[in-house]
Amino acid sequence: MKLSLNWLREFVDVDLPVPELARLLIDATAEVESWETIGAQWDAQRIRVAEVVAVEPHPNADRLRLVTVEAGHGRQQVVCGAPNVAVGQKIAFATEGAELVDGHTGERAKLKLRPIRGVESAGMVLSEKELGLSENHEGILVLRPEAPIGRPLVEELGDIVFDISTWANRADLLGVLGFARETAAITGKAMRQPALSHTQSAHKVADAITVEIEDPDLCRRFTASLIENVSIGPSPQWMQERLQKSGMRPINNVVDITNYVMLETGQPLHAFDYDLVRGKRIVARRAKQGEKLTTLDGVEREFDNEMLLICDGEGPVGIAGVMGGGNSEVSANTRNVLLEIANFRPGSIRRTSAYLKLRTEASLRFEKGLGMEMPEFAQHRALHLFEALTGGAVAAGLVDMYPGREPRKTVVVEAARIEQVLGIAVPTEDVRRILTDLGFVCHFVPPGKYSVQPPDWRPDIEIADDVIEDIGRIYGYDKLPTTMLRGVLPAPEVAPVRELRERVRDLAAALGFQETISYTLTDMARLKRMVPESDTLRSNPLGVVNPVAAQHAYLRTSLRPSLLETYALNRRNIDGALRVFEVGFEYLPIEADLPHEGTVLCAVLGGTRETRWAQAGGERLDFFDAKGAVESLLRGIGVKAAFAPRTEFGFLEGHTAEVRAGKEAVGVVGQVHPDHAAMFDIDEPVFLLELRVEDLVRHLPERPEYSAPSKFPEVRQDIALLVDAAVPAGRVLEIARSHRSGSISISAGLFDEYRGKGVPEGKKSLALRLHFQANDRTLTDGDVAKVQQGLVVRLSKELGAELRGS
Amino acid sequence: MSVEPSLEGLREEALAALASASNEAGLEQWRITFFGRQEGRMTALLRSIKDRRVDERATFGANANRLKQELEGALEAKQQDLKDAALKALSTDSAIDVTLPGRPQVLGRLHPVTQTMRDCLKAFGDMGFRVAEGPEVEWDRYNFDGVRIPEDHPARDMWDTIWVNTLIEGKRHMLLRTHTSPNQVRVLERTPAPPVRVVVPGKCYRQEATDATHEWMLTQIEGLAVDEGVRMTDLKGVLYEWSRQMFGSDRKIIFHHSYFPFVEPGVEMAIDCFICRGDGRACHTCHGTGWIEILGAGMVHPEIIETAGYDSSRVTGFAFGLGVERVALLRWGIEDIRNFYANDVRFLQQF
Ligand SMILES: [Zn+2]
């Protein structure tokens, strides 16, 4: 909301510098976002209030006139083109050198005087545009009649306008009076009340209109007053100025008064043209399903039966708390004004304005919850202004239907509770002062209790802690010391998946992968590049109703597209090896329940290894780099992995393996199928590995398997085996590694795979390095020969392997 | 005692030959010449001791052995000299250009948001907060109703919600959590009695346009401490410690009034601007106010304590919620939040 400092000063004295006031309000009341200084550029010497004392025609130009002004230092003549200049007006007058906005170009420049059509001009009578107040350059700015001649304009018209965002529970802060009260409480100054007095005519409102509330659950109070014989015209300059500063457009005196009182009190008002109210009857009732009304903005709107309408004898004339109807609008022809000020159930107004997508100054206030006494207060304030500014006669009394009347709330606040919540004791006199300044009625009940009645305009106050907040924020949170939590620590929750996830993240980074984080929402096309139709779970992701953009419409069921996209994006900028990973969720739908958020590590790599000189162009990364990463990662967490060929959508067959822990598949590693890579604009071999953290968790050893290093030397032996080309090398290794004889164990590694010359067609040669070791003795050649013999026999039996060169 | 002429001659010859040896090969040649097992001259000399007359044998033998020791010593010294010379040459003639680049090794890094998250969790962990996580896809009853934001409450405007397209009995209830606060309710629900002291990290989502300081996907940490005797001063103390750990030990903090339906009182916390140190002039970080808004917090609303089944007249609590990206932006002076999820490795590698 926009808050004018001048307006605020009408109700409370403020002598603080602006930044300090802003700081205090931020600390205790609401978020002051910024402020604007009106008249910051107005030179106090060169721009002053003056009076027009004569207007004569220009001798050489029909459109121009010669205007004589009294600016406090004698009369001066200027040439003026404004159509609205008239004798007796108070105007803003600038002399040479004043900094102004050029009325035509909009640029700031110093005023340079020169003869206009042959007549000298001593200065300039200013428009709003020239003062930087608005874009209005139609005529000159006319000041209030009481403005003192010679007064610097910056004193007359200068102001500070704060831009403040207020909280969702404080409708009272959407009015100047709310801020005046807060300012008074914070600074210790007294607050002044606006004028409410007005006279009443012999006519009675009650004779002119009847009001019925059919749905008291939605309409808790409805007041109506009548102002007869108003003269519709512009509202006074000061009112227009305040409306403009508050971001509202002046319309006419009647409409302006309703807006002005709303801005001042926070309570919305609505003026009807009384003569257009059919049947001289107002009914507040729920709409009939499908009922329609054209609102003030010219839009026809349709209602459901939970929306409250204001109707006259024949039909709807307004949407309660949101906007009036065009059929009863105040116009230039209006003579008599029916003024509605009501209180509606906040949730209902919010629902209506949300469903209609119609948020107005009124609905924003009603939905936050207004005081039930506010309608009456605002009526008196408005009637005071109607009498003063429209020449109308105020009919006697108010029609006041008040089905929602409630007894005044009393909240008991224990002094001990203040200390229990805030951590400090607040002196009784401070509690009393703060609450009284904020409009509470506060009785101290010795030895340690306050009986508190919150003011009507603070329906947000419900419990003792609400009162304690008001005490705390005005007393000042800067008075709170810092203390440390005491007491016993709760037991930690066990979260093996989370712990493993973080270890896996560390390991992936340690293995050279850069961590990335992608948006978890994607689109169907992207997802389907790596998810087959046959995977009915993953190909039916959860969609969102209102995505921020079309490419973020579905919760991803696979990280693969995200990572490939990241790879492609970086490939544009980076030569050489690229290794990226993400640890995140795939969101797997569950019928009528929240999705399963499965934790997955996905990594992609490709490109060429860095050379000695850190340049691209070394050997290409391949499947075995990806597999090596999986092996190291699993070794890092102590999980024994096995690999088996696998056919997987989006991967190149014959270059893809399933990662297994025990018998369970826990992931996949392989080359992305070039056709699929191409969908991501990747035109080089690229490899992807994926591990499901939740599945891995089940295979974590409780503690690392450990054996003491043998004190006896090991014996190394290289052998070459001939096997069928189709026999997986992993199988050979598996057998070699599992082979034991007595206390002798073998650790085996592969150091060559060879096909071609010297090896029969359909066969391959595998070179194995075997390390024999016993933990109880030094092995003899005989021992080794025996164990090796046994192994070869086994390999020959199980895999048809034969020892090469033997 | 004089050395026999034959020994003296051998000695001079051997030392001269040793002096002229300039490398390992020369030394080896010398060793063979004088100490070779078969033909070595020194070896032969020693072997000839037994051929001496008995009365000469002792003296000659002693002299010969002394000479052997001397020559062996000389050889060792010469070897050492050559080794020293070689090392010297290594550090001078063969000195490498140490400014040449090292051989590349692979090194990955954690995402700056992950790093910042971990640093925050560590700071809170040191104060006894345990990590508890909750789902990103949530029910509205946890995200809103459970934290006192019923439908038709204007506070729902504080969070623009992305709704999931799933109808439960004809109504929309599933959403992407807009904050980590729903997990307050979940944690309390599964904790039969206080104390509770948790931090809840995780992603949140907002239906809003992105700019340099706003992202629609964001990472939050929610904190919750509930027990008898938890006071607002404790909240201030915990957040003060965290601020000092994240932004330097000379940080100052202030609370100012704020509103969140699930806390009472509600505050926003700001830290003093460590960029301009409050000199007020055109600071982009604090906009000249000297203070940087950093998180929202407050005392847990008694209604939430009661819903958990605890006695709100005895049990109090505090809660806070902070944006991890914002902390990362501030601590590293990053200007645009959109860098985090654009996944440009050239950016990510620098943290
Ligand atoms: Zn600053």
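This is a predicted model: local features need pLDDT of at least 70, side-chain atom pairs count only at pLDDT 80 or more; totals for chains, interfaces and linings use all residues.

Residues are numbered from 1 along each chain as its sequence is written, chains are lettered from A and ligands numbered from 1 in the order in which they are written, and side-chain values use heavy atoms, leaving out hydrogens and water.

**Select chain A.** Colour it by secondary structure and you'll find 21 helices and 40 strands (DSSP runs: H or I of at least four residues for helices, E of at least two for strands). Its radius of gyration is 42 Å, well over the 28 Å that the globule rule gives for 806 residues, so chain A is more spread out than a compact globule. That radius is taken over C-alpha atoms, and the rule is 2.2 Å times the number of residues to the power 0.38.

**Switch to a surface.** In chain A, 52% of the 806 residues count as buried (under 20% relative accessible area, 1.4 Å probe, protein chains only).

**Now select the cysteines.** Zoom in on A:Cys80, buried at a relative accessible area of 6%. Then hop to B:Cys283, also buried, at 7%. How many disulfides are there over all chains? The count is zero, with a disulfide being a pair of cysteine sulfur atoms within 2.5 Å.

Technical notes. Buried means under 20% relative accessible area, exposed over 50%, partly exposed in between (1.4 Å probe, protein chains only).
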